[in-house]
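Open the model in your viewer and keep the selection panel at hand.

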2 protein chains.
Amino acid sequence: MIEDKNQQRTQLSQVGEISLIEHLTQGFAIENESTIKGTGDDGAVLQFENEKVVVSTDMMVEGVHFDLSFMPLKHLGYKAIVNAISDLAAMNATPTQVLLSVAVSNRFPVEALDELFDGFKTAAKVYKLDVVGGDTTSSNKGLIISVTAIGKANEEDITYRVGAGINDLIVVTGDIGAAYMGLQVLDREKQVFLVNPNNQPDLEPYSYLVERQLKPEARTDIKELLEKMEVKPTSMIDITDGLASEVMHLCKQANLGCNIYEDKLPLDPQLINVCEEFNINSTTVALNGGEDFELLFTVKMEDFDKVKHNPHLSIIGHMTDVNSGTNLVTRGNNIIGLKARGWEPENNDEDAQVVL
Amino acid sequence: MIEDKNQQRTQLSQVGEISLIEHLTQGFAIENESTIKGTGDDGAVLQFENEKVVVSTDMMVEGVHFDLSFMPLKHLGYKAIVNAISDLAAMNATPTQVLLSVAVSNRFPVEALDELFDGFKTAAKVYKLDVVGGDTTSSNKGLIISVTAIGKANEEDITYRVGAGINDLIVVTGDIGAAYMGLQVLDREKQVFLVNPNNQPDLEPYSYLVERQLKPEARTDIKELLEKMEVKPTSMIDITDGLASEVMHLCKQANLGCNIYEDKLPLDPQLINVCEEFNINSTTVALNGGEDFELLFTVKMEDFDKVKHNPHLSIIGHMTDVNSGTNLVTRGNNIIGLKARGWEPENNDEDAQVVL
């Protein structure tokens, strides 16, 4: 519905390999001191003298992770980088370089790749990343994007999934669930559009939710915030599969349980309104909706005063002993067990993205 | 023709995300001191104190880069890693870590992924690589593999594509053209098989060529050889698109020309025999056949004595001034201009793999 059918179309076969690459990589500047040599050779050369190197990789497949009928390619490029560097933010590392690989079928003209690379460029600029390599190839079907993110951190700053202690506070950044509801809104509008292509959707009442789905941000700002607050998380993870799943990850790694308080979950007012409109329980969305790219972490109890009134942070619960289980304490003070979404047998293939 | 139709088939949906990942990554040991934390967190943590980090990434797509009707999955996993680390060998760096991403359609059972990961494991063991991350996801069609290779090198040892001087000697490792002819042999046998599925191909006369196509090796041994010989190449590249294309790359980067001597091209006797059988000119194959994963480099003229009798190395020509052009000097002493293959308009999509 966003696609312009009259756009200029230059077939990939009309341009040569070298000129395509030169074309696509125009405007990628090198900004980080750690980049000695970027693209243009067999490999990139980087230096991290006194810091550790943190790396992560993610693959996104058309029809599985994104739907081009409502995801503009520029946003997709931006989101692919956000998706990859969010993992580094979750290690409390600073992303510095990315490698971008794209497999694309010949249904995409050069102008489409331009849009995608514009999104890459924008994200690289916003997050001060150097694009130091990649691969562009043809695919038999659809678009596949693989992003490897490289970053740096002092050893003492790195946070792992393992490390939470009993009674540690559980903290989440920003608000959660909006990206999932944004997807529900876009999917509903797509169905309307399929029935009546002349219908122009009014997305204004859903602007925040849609933006969270189409143009999420990685919380690379949290590392600096924590430094200023002089707080070092005892464990950390990013929220891609949903809060419940990630909380259970931290608990499993620490061999602990937890209590999460329903009334502490940070929900945007628009999320609450739209959940009512869709007749969906907003707590369920907050617990299970993925792709928020917020960070979830634990801090020691004595850091409570440092954390409690920060507008970026919400204390949503605390760690308990393992025998107490992983629980949600409802507004009505009922205790119910958390359940994780994920690529388990009862789910469909759309949940198949996993971290090795 | 290699596929066993009666193999055990466990649907991907029968196993959960976590257990699949645990299953696939069994037997991946951490061997390098530079790996502080491998898989299992949001990112891997590495350290390279006094050495530079060299990174490269490659994507391989079913139907574009490989044909599963004659490429066993175990070999494919091995080759995908060889393909990625060959770029680091071409930088004169030592590969130490890889990140492996796989998108796979549900036509592949778990046993197929096992085979693929067996190939990854074998390559990781042979080349002393730590698998420190990756992503496993579903695809709508076929198999896509993305490998990011990370390595290390002292700054003074790193070789770039740029750097050759006039009169420098042009050197190639091993022999060339065999991987391409191996593909021709396999493709011919596939056509025979399609006509008569009961036909059992006799690949014995083609064993070396087929092995070069299905199980190539990366020349990570050359770095040590060069150190022992006390030779530092002035420029270097790996041979993936064909010798002519790579020679022209080095010439363009140095703004120089070259003479390559037909009678100096290192050809395996089996290649020569099979080229006769196929009625193909072996020099054309040597110049244009890709995927040899040998290294091409230049050394200063004064290193001639160090290089000349080494069984791993062949001096095939020398750099000239740019106005002389990039030439092949034939056995009959004719001079003809080199032509590069590549993803230029006259070629098909199979050549679409390019380096950013």
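This is a predicted model: local features need pLDDT of at least 70, side-chain atom pairs count only at pLDDT 80 or more; totals for chains, interfaces and linings use all residues.

## Inside chain A, then across to chain B

Domain 1 of chain A and domain 2 of chain A bury about 2,000 Å² between them. Carbon and sulfur atoms carry 58% of that area. Now select A:F70, A:K79 and A:N92. These residues supply 30% of the area that domain 1 of chain A buries against domain 2 of chain A, more than any other three residues.

Colour by domain next. Domain 1 of chain A covers 12–157, and domain 2 covers 169–343. Their centres, taken over C-alpha atoms, are 26 Å apart. The contact draws 22 residues from domain 1 of chain A and 22 residues from domain 2 of chain A.

Zoom to A:K190 and A:D67. They form a salt bridge, with 2.6 Å between the closest N and O atoms. The count between the two domains of chain A is three salt bridges. Residue pairs in polar contact there, both at pLDDT 80 or more, number ten.

Which helix gives the most to the side of domain 1 of chain A that touches domain 2 of chain A? Select helix 2 of chain A (73–89). Helix 2 of chain A gives nine residues to that side.

Select the contact between the chains. It takes 80 residues from chain B and 79 residues from chain A. The copies meet through the same surface, because 99% of the interface residues of chain B are also interface residues in chain A. The buried area is about 6,700 Å², and carbon and sulfur atoms give 56% of it.

Zoom to A:R161 and B:D42. This salt bridge has its closest N and O atoms 3.1 Å apart. Chain B and chain A have five salt bridges between them. Their interface also holds 20 residue pairs in polar contact, both at pLDDT 80 or more.

Finish on strand 3 of chain B (residues 52–61). With nine residues, strand 3 gives the most to the side of chain B that touches chain A. The residues of that side of chain B divide into 38 nonpolar, 25 polar and 17 charged.

Technical notes
Residues are numbered from 1 along each chain as its sequence is written. Chains are lettered from A and ligands numbered from 1 in the order in which they are written. Side-chain values use heavy atoms; hydrogens and water are left out. Domain bounds come from an automatic or database domain assignment. Contact means heavy atoms within 4.5 Å. Buried area is the accessible area (1.4 Å probe) that two parts lose on being put together, summed over both. A salt bridge is a side-chain nitrogen of Lys or Arg within 4 Å of a carboxyl oxygen of Asp or Glu. A polar contact is a pair of N or O atoms within 3.5 Å; within protein, one must be able to donate a hydrogen and the other to accept it, and residues adjacent in sequence count only if both atoms are side-chain atoms. Helices (H or I, at least four residues) and strands (E, at least two) are DSSP runs, numbered from the N terminus. Ala, Val, Leu, Ile, Met, Phe, Trp, Tyr, Cys and Pro count as nonpolar, Asp, Glu, Lys and Arg as charged, and the others, Gly among them, as polar.
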